[in-house]
Amino acid sequence: MATPNTHGSLRIKLLRLILGALLLLGGTTLLASGALIYSTDRAVQAKREQELLSGLEEKARLLGFNQALALRSLVADNLFGDVKALIHQTVSENNDIAYGVFFDAENRVWAASGLARAPASKDAPGPAAPNYTAADLESLGISTVHQSRLVLRRRQNPLGGEDVVEVAAPVISEGAHAGSVIYGVSTRSVVERMVQARDLAANRLVTTLGLIVALILGSGAASYFLVKRVAVHITEPLLALRTAAGAIATGLRSSAPPTESPIVDRKKWERVQITSGDELELLGSAFNSMVEANEQAFEELRVKTEQALEASRMKSEFLANMSHEIRTPMNGILGVIRLMQNQSLDGKMRRYVETVDASANTLMSIINDVLDFSKLEAGKYVAQHVSYDLRLVIQEVAELMASQAHEKGLELVYRVERRVPTGIVGDPDRFRQVLTNLVGNAIKFTERGEVLIDASISQQDKATALIKLSVVDTGPGIAPDDQKKLFAAFSQVDGSLVRKHGGTGLGLAISKRLVEVMGGEVGLDSTPGQGSRFWFTIRVGVTAGGEQIRSAEWASGRRALVVENSRSWRDVVVEHLVAWGFDAESAASGRDAINRLELAVLEKRPFSAAVVGVQMDDLGLEEFLRTIQSVPALQTLPVVALYHMGSSVTLSGMDSSMVTQLPKPLRVSELYNTLQSALTGASTPPPSKPGAEPGKIASKLPVLVVDDNEINRYVAMEQVEQLGLRVETACNGQEALECVKRKRYVAVLMDCQMPVMDGYTATQEIRAWERSRNRHTVIIALTAHALVGERDRVLAAGMDDYLAKPVRPQSLQKTLWRHVVLSRDEPPSSRSPSAPELEAARAPVLDPEVPRSRKLIELVLKNVPAQLDGLEAVIRSAVAAEIKANAHKLKGSMLSIGAARVAELAEKMQLAAGQGELPQAGDITRLRDEFDSVSAALKEELAATAKAT
């Protein structure tokens, strides 16, 4: 903790306060004075300018009058030259006169001076041809309209420069109008005098403001020294008080050893002596009284603290004993109930056993809540930091709670925003516990409608992310007053709910504590009668992981129709279809969907697939299918039917080959694979059941599937289950190690490349743990590598066998039967299979067990030659990183079609480039030769497919 500043802080504040006030007052005075002087000068200048302009106008009026008198006799005698000389002389002798013009009653210009030269009018009559015509004057803005009296006006100077005061006076000879004389008197002199006046006023303003600034600065300096002297008498007593308080605080922090009660020794408590004779002396006396009172209070606190520590110790011992004492008989009760359920019981006895089982599980749940809460209260819980798949956990929770929701007629929907990372680091168990609690509460208190799980991302950087989970229901809502106590321990909104739904009132309190430990917060938004939104956030680490929603070439440009009664499911499915590349539309009823399908056929923009919810309001699934299959253009339309888990629809008396049923909550990956299979023809028939003798297969043999990729894990799990074996899963080697330590498995299917702990390390750890226990678990490697060196590495790590990806059902069956089934009837062999035995059969050009659709073959024949050209180009450029990337891409393409030889050559090239070694000259040639064989085989297979269809 930093030591606070103890020198003059209050003094500095006083100085700043006084000086700030002075500066504020001075600045205000300066601004007010400047504004006043400025406004006064402006008024004086405006008045002066008006006076000068008035004098100029009077001068112009007099000039016009005199000139009209002088020209009267000259015009009467028709003295053109004299008129011209008079006008010219008047303009040239007076600098303020810009121009002068005389024109007679017939608008003939006799004289013009000071104007720009204009072309003479050849047809103008008069004693002499003038240089200007009336039209020329009009073009300059000089009016040739004769006035009956003297006219004065201000206008712009037609020659440029300052404005002019223009005077026009009539010339009257013998009572008749003989012409008009016009002069333009410039305002230049007025402008110059006003500029001088403004400069003088500005100088006067600057001088005045400078004097004010000097006075302010002088006052500030004097005030500074005065306040500095006076502040000492105020700050010294306060510094004494602060020193005494600091000494007490230091004693509190350091006087007691860590194992003793943190109560200060009363001898270290100090007093202060202040004799200022003012309020500060009274403050010192009050401080001393407070110290004495605190001494007494701390002594009482010491005694109570010792008593509380002893009580807490006894409580911890009691909870530890109770945990053991309660869980031991409960585990026995639950175990015996499960044994009884496996027996053949009559209806009444089975019902009794099921009732006891439900009651025992409820009691165990309550006990776990109480013990979890006590553990959190004691601060004993620390969050885990392991890698897991957030989407998978949400999916598991939704599938787990779906049956409860469907039993009440509720729709359970989950949505994961596209930006949410797949791989995160955090505590999956506690995350699952919180989410399960909120979803369970939403289902429990919602009578109709739906429950939505919505996952989004609030913040994210390269290393961490803030994930927000919302559980939205259409229940009765919660009043604002009840929301305040909802997250408190042992409380529920309504006591009658305890009797109706049960529970301890600890679920939300535990969830709140768990979320806080995981670096987040929990909250509620609810309106009575409109449902509730419970939400919580967690701070997690981010690992490398792709997005669940991905674009696909096969979906681009295709149209899909979603028919679903639930708007939330409708929106979720449409969102994924659009992200994959579909042009997706949705409909809420079956009849509306049928109309759209038929209209699309008429418009020659047919839909490529339809995703249909079984629970439609107006039509059943079978009636819907019969209606669309009665339209010839819709008979081959692929339909994916979404049903509630455990309630699929039996389609009888109709062709259902184009219909695939998927359960809700919907696994998006299953929908993706189903649509891809239906639209590209890449469907694979399910592997047949193994042909072992009856009794050879133990239906509940435990097999552990370990893979960090959800899709690969799911595929392996399905394949093993179809062989009649029970499956458990783990996401990485660390989880696999813990699983093997907890229970026995007759086989472990181990992926080699995984985060946290890879398959090689996990196998070595398992073998090291098993040596001291005389155990051996069969471990079979799953990897995409196809080199002999990789097989040697697998065997060197202690694994028993090897399966290359893609895993073929028949190969998996043979391998498992060799290690699992035969080992239960025959003595186990002490010899592990050797590398030559694993590579006994040379792979054919194309693996017949790998499914290849017509679309896939066409894509390979189209794209792989370009990949080979690109690989050859980067080999010529000798860039190892690009060679590695291109070879890896080619290997993946070849594995997808079962071309093992080409994949092996590409992998050799990839590994060599990874070690900085460039391929040899003949490597690309051998690669092309092998692909030529693959290409020929693919073309034969394509021709055979076309002939069959």
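Q: A crossing is left-handed if the near helix is turned anticlockwise from the far one by less than a right angle, and right-handed if clockwise. Is the crossing of α13 and α14 left-handed or right-handed?
A: This is a predicted model, where local features need pLDDT of at least 70, side-chain atom pairs count only at pLDDT 80 or more, and totals for chains, interfaces and linings use all residues. Residues are numbered from 1 along each chain as its sequence is written, and side-chain values use heavy atoms, with hydrogens and water left out. Look at α13 where it passes α14, and you'll find that the crossing is right-handed.

Q: How do α13 and α14 run relative to each other?
A: Helices (H or I, at least four residues) and strands (E, at least two) are DSSP runs, numbered from the N terminus. Helix α13 covers residues 590-602 and α14 covers 621-629, and their axes (lines fitted to C-alpha atoms over the stretch in contact, with angles from 0 to 180 degrees between N-to-C directions) come within 11 Å and cross at roughly 15°. Angles under 35 degrees count as roughly parallel, so α13 and α14 are roughly parallel.

Q: How many charged residues are in the contact of α13 with α14?
A: Contact means heavy atoms within 4.5 Å, and here G590, R591, A593, I594 and L597 of α13 meet E623, F624, T627 and I628 of α14. Ala, Val, Leu, Ile, Met, Phe, Trp, Tyr, Cys and Pro count as nonpolar, Asp, Glu, Lys and Arg as charged, and the others, Gly among them, as polar. Sorted that way, the contact of α13 with α14 has five nonpolar residues, two polar ones and, for the charged class, two.

Q: How many nonpolar residues are in the contact of α7 with α8?
A: The axes of α7 (residues 390-407) and α8 (residues 428-445) come within 10 Å and cross at roughly 30°, so these helices are roughly parallel. Among the residues in touch are L390, V393 and M401 of α7, with F431, L435 and I443 on the α8 side. The contact of α7 with α8 has three polar residues, two charged ones and, in the nonpolar class, 10.

Q: How far apart in space are L452 and D473, C-alpha to C-alpha?
A: L452 lies in strand β9 (residues 450-460). At 19% relative accessibility, L452 counts as buried, a label that needs under 20% relative accessible area (1.4 Å probe, protein chains only). L452 touches V413, S470, V471 and V472, leaving out residues up to four places away in sequence. D473 is 21 residues from L452 in sequence, but in space their separation is 6.4 Å.

Technical notes
Parallel < 35°, antiparallel > 145°, perpendicular 65-115°, else oblique. Buried < 20%, exposed > 50% of the residue type's maximum accessible area, 1.4 Å probe, protein only.
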